[in-house]
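Biologist: Please take me through this model in plain words, and tell me what stands behind each term you use.

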Amino acid sequence: MNIAIYTLTSPLHDENAVSAVTRDFLESLHLEHQFKNADYSDYGTADLSLIYVRTGGTEGVFYELLPQLQKQSSEPFYLLTSGKSNSLAASMEILSYLRQHGLKGEILHGSPMYIRQRAELLARVGESRRKLRGTRLGIVGAPSDWLISSVFDVERVRQSLGVELVSIPMDEVISRFEKVTPESVTEEVDSMAQYVAPLNASDSPAVLHSLSDATRLYIALKNLSEDTGLQGLTIRCFDLLTAVRNTGCIALARLNSEGYVAGCEGDVPAMLSMMIARSLLGVSGFQANPARIDPETGEMLFAHCTIPLQMTSRYELDTHFESGIGVGIRGFVEEGPVTIFKTSGRLDRHFVSEGFLKTCEAKPALCRTQQVIQLSDPFQTSYFLTNPIGNHHIILPGHVGSLLNAMFD
């Protein structure tokens, strides 16, 4: 990521005196930046563009410059202040004007450490937004029928994130699946057979038998993504149970570990949440359902039959929970800090909650990967019980709530 700093100075101030203050102030921030002086010709091209209001009396200078800046960038205006030479006062007047005219902005002011941390966070968000622009995400076979609240707005997603949502018929996947011969995946199947260790040993032959077709599905979806320029997809995976007598759990787990975003059940808001997470963190996250909530303690159980393999410390292959056929994944993840995240399909709501992964369970009456999470704020369980954004939520490693919230701010 890169940060560009542009200066705003009143002609009434002595340049030599202002330059000395500027040098000392910027050096105290320890930012990796490009010092741009007063030349705004490439404003908006960096991950974060900061306007350093060096002195008071600059409000009129900014007013004259504003039309040019609006043409060059649609990002909020970030005003950097040193707290000297009436820098803060001028910034407040400028920000007030921006707000009056429906424009977004923020003043970066405080200790050098605070300013540096805030600027680096905003730059990371800017870098993420650039990654998202031009992204193509596939909706394979349409959302599942039970996702009655998980609606989405194609045009809003394109305008807000620069992400294109592409509809792909399920027949396209089935056709590609049939072209992948069982013989061509023998080596991959043999290498994965070692992970077959279901709780019910009698299921082992069925899982081993299903591994071949599960791997063929993975290859079919990967080829589809490569051939159509997709960076991610979500698939109406329960249709696969009848179409090929298997599930997409292995395919999604592997794709998510290889840099794609791959979601279950045609859930577009979940896929968008995973894409945003990957652009910020480099990991898609674990798409899961809340299965149990204790509103008094804030402990929750999340479960699903697939998880990105890169997120696990180890995993086992079992049958798919609801159908008892195909191949599901029981992933085990090390205990530690996590963040629960979800955005709506219209991008007008989002939820973020930090917590701690206490343990991974392996109970037979649930989807195979099971995570017990203690919310940092137990009162946030009320969101799930009174105003949730659908049922699927994304579990991410680490406490990254401030980063996700900044993406939407």
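Predicted model: local features only at pLDDT ≥ 70, side-chain atom pairs only at ≥ 80, totals over all residues.

Biologist: What makes a space a cavity, and what makes it a pocket?

Modeller: On a 1 Å grid over the protein atoms alone, a cavity is a set of points where a 1.4 Å probe fits but cannot get out, whereas a pocket is an open set with protein on both sides within 12 Å along at least five of seven lines. Lining residues have an atom within 4 Å of a point. Points are joined across faces, edges and corners, and the volume is the space filled by probe spheres set on them.

Biologist: Which residues line the largest cavity?

Modeller: Its lining is made up of Asn256, Ala262, Gly263, Cys264, Met274, Gly285, Phe286, Gln287, Thr306, Ile307 and Pro308. Strands S9 (261-264) and S10 (286-294) are the elements that give two or more residues to this lining, and S9 gives the most, with 3.

Biologist: How many residues of the largest cavity's lining are charged?

Modeller: None: the lining divides into 6 nonpolar, 5 polar and no charged residues. Here Ala, Val, Leu, Ile, Met, Phe, Trp, Tyr, Cys and Pro count as nonpolar, Asp, Glu, Lys and Arg as charged, and the others, Gly among them, as polar. The second largest cavity is lined by Val18, Val21, Tyr52, Arg54, Thr55, Ser82, Lys84 and Ser85, and its lining has 3 nonpolar, 3 polar and 2 charged residues.

Biologist: What is the volume of the largest pocket?

Modeller: About 890 Å³. Of its 36 lining residues, Ser74, Glu75, Pro76, Arg129 and Ser160 are closest to the centre. By class the lining has 16 nonpolar, 11 polar and 9 charged residues.

Biologist: Which element gives the most to that lining?

Modeller: Helix H4 does, with 6 residues. H4 spans 112-132, and among the other elements that supply at least two residues are helix H5 (154-161) and helix H13 (401-408).

Modeller: H4 also packs on helix H11 (residues 268-281) at an angle of about 125°, with axes 8 Å apart.

Biologist: What makes H4 oblique to H11?

Modeller: Angles under 35 degrees count as roughly parallel, over 145 as roughly antiparallel, 65 to 115 as roughly perpendicular and the rest as oblique. About 125° falls in the rest, so H4 is oblique to H11. The angle runs from 0 to 180 degrees between N-to-C directions, and the axes are lines fitted to C-alpha atoms over the stretch in contact.

Biologist: Which residues of H4 and H11 meet?

Modeller: Arg124, Val125, Ser128, Lys131 and Leu132 of H4 meet Met275, Ile276, Ser279, Leu280 and Leu281 of H11, where contact means heavy atoms within 4.5 Å. That contact has 6 nonpolar, 2 polar and 2 charged residues.

Biologist: At what angle do H4 and H13 cross?

Modeller: Roughly 60°, with their axes coming within 10 Å. By the same cut-offs, that makes H4 oblique to H13. Arg118, Leu121, Arg124, Val125, Ser128, Arg129 and Leu132 of H4 touch Ser402, Leu403, Ala406 and Met407 of H13. These residues divide into 6 nonpolar, 2 polar and 3 charged.

Terms used. Residues numbered from 1 in each chain as written. Heavy atoms only, no water. Helix = DSSP H or I, 4+ residues; strand = E, 2+ residues; numbered from the N terminus.
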